[in-house]
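I opened my notebook to look up how this chain is put together. My notes follow.

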Amino acid sequence: MDFPMFHLDWLNDRFLIAMIAIIHVFINHGLAVGFIPYITWLEQKGVRMSGASQITNPAWDSMVYKKMKVAFIITTTFGAMTGVGIWFSAALISPSSIGSLIRVFYFAWFIEWLTFVTEVVLIMIYFLTWKNANNTLISKLRHIRFGWFLSIFSWITMAIIVSILGFMMDPGNWNKHHSLLNGFTNPIYLPQLFFRTPAAMVLGGIFGMLLTTIFARKDTAERSIALKSAAKWILLWAPVAVVASYIYYNAMPEAMRFNMSTAVGSMEFSQYYELLSYIIPGAVSLVVIISIWALLRPKSIRFAFVLVPCLAAFGFLGIFERVREFIRKPYVIAGYMYSNLLREEDYPLYKRDGILKYATYASTVEITEENKLTAGRDVFMLSCSRCHTTNGINSIVEVFERIYGAGKPLDENSMEAYIPNMHNGRTYMPPFPGNKKELKALAAYIRHLQLSEEPLGGAQTEGVTVNPQNNIQAAEELIKANEKAIADNELNKKK
């Protein structure tokens, strides 16, 4: 309401965030949180494997260094860019929710920023000093300690962010007592952190196994030991992840679990939702099977054998992130702000007066027959465009055509009857926020879109129009009116 609306009508706004966020989570969980401690453990193992006159096993250390080089390049390039990209895209597409979260978690995010800076410094030290650390045993052991410190700071970064993600799913008693402590200790926090930690370790292990098949020469002792080590790492953490997933699932609010049938794909996919009961255990089983195989017959393991379980594991994480983002609907912050960025407590005001009156950036306030389509466009932008496009991904036209029949002209009266009640049948939809005039304008605009296939441009291409009731001149007049009212009141008191 208080920000110009950035909009990508061909892509879908939230899809932009999703693409960047999922890539970042792959890197953060798989390489930073899960892979770094795995690598540090392997480096430490190399010292134990060394001969009496050696600081570390040279062949083993070289293989582990090459693995770390891959992680270093990816985390400091794609990891860094997608981390910034999440902030950039979220601030464009969901500024109200980001602003609310910053107000609640300001000091937590400040600590996370300091932790992240420390993490960046440590990963630079850890990778760039690796070879020089092999000169003496003392420097090598110091280098390994840096690896463990890096592992801890990587985990702390995730631990702080997970609290914010949990808050968005269930703020707990924060809605009654607004404080950082209440927000941080939300009911979803520990169950989600308990799940993400071992899941990240499993991802780090399977990625490490994949890199072993690339960097370790066939039929060498180092290759067999490395494959067995990765298998042990995975088999250690996998049961913990399974137990944690059960605890996390049961900690979710019941309404969010109800949304899962459509969370993975779409309404069309919901009928195939039961397939997930086979797909998810299948992905987990592949990782476990390849680990047991590597433990028993490491010499027979090849790159192609590990690639499929590795892709399945990272694919599962991608599905998990998609589900987590979707199931909290109709809210972006549960019980506080709907996914259209309108606060729940403001809805009675919007129902009475309409949302256009209170929008900072809207071209119309009073709806007439002449400006109905323009008003409908503004209403769509304010209440629908965060999740829907006009004719792109998740098109609003296609949504109604699926309801009333593809290729059939949309009936405005039918849409007017359906929209105010849509949230009852589709619980992931926020209620329509506007009044009756705005409802009619929105239905007319959707019908117009079906006929014209007209794209909807965002503020980045169309510019902005300030609500005539909220511009500077209107504000000045309101201030003068208030000052006059105060002066008249004082004068009446004196009389």
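I began with a rule: the expected span of a helix is 1.5 Å times one less than its number of residues. Helices (H or I, at least four residues) are DSSP runs, numbered from the N terminus. The model is predicted, so I noted that local features need pLDDT of at least 70, side-chain atom pairs 80 or more, while totals for chains, interfaces and linings use all residues. Residues count from 1 along each chain as its sequence is written, and side-chain values use heavy atoms, without hydrogens and water.

**Helix 15**

I checked helix 15 (residues 372-383) against the rule. Its 12 residues should span 16 Å, and its end C-alpha atoms are 16 Å apart, which agrees. Next I looked up burial (buried means under 20% relative accessible area, 1.4 Å probe, protein chains only). Nine of the 12 residues are buried, so helix 15 is largely enclosed by the rest of the structure. Among them are A375, F380 and L382. I found the buried residues packing against helix 16 (396-404) and helix 19 (436-452).

**Domains**

Which domains does the assignment give? I read domain 1 (13-338) and domain 2 (346-464) from the domain assignment; such bounds come from an automatic or database source. Their C-alpha centres lie 39 Å apart. I listed 13 residues of domain 1 in contact (heavy atoms within 4.5 Å) with 12 residues of domain 2. I counted one salt bridge between the domains (side-chain nitrogen of Lys or Arg within 4 Å of a carboxyl oxygen of Asp or Glu). I also noted that D13 and R386 meet in a salt bridge, at 3.2 Å, N to O.

Technical notes. Helices (H or I, at least four residues) and strands (E, at least two) are DSSP runs, numbered from the N terminus. Buried means under 20% relative accessible area, exposed over 50%, partly exposed in between (1.4 Å probe, protein chains only).
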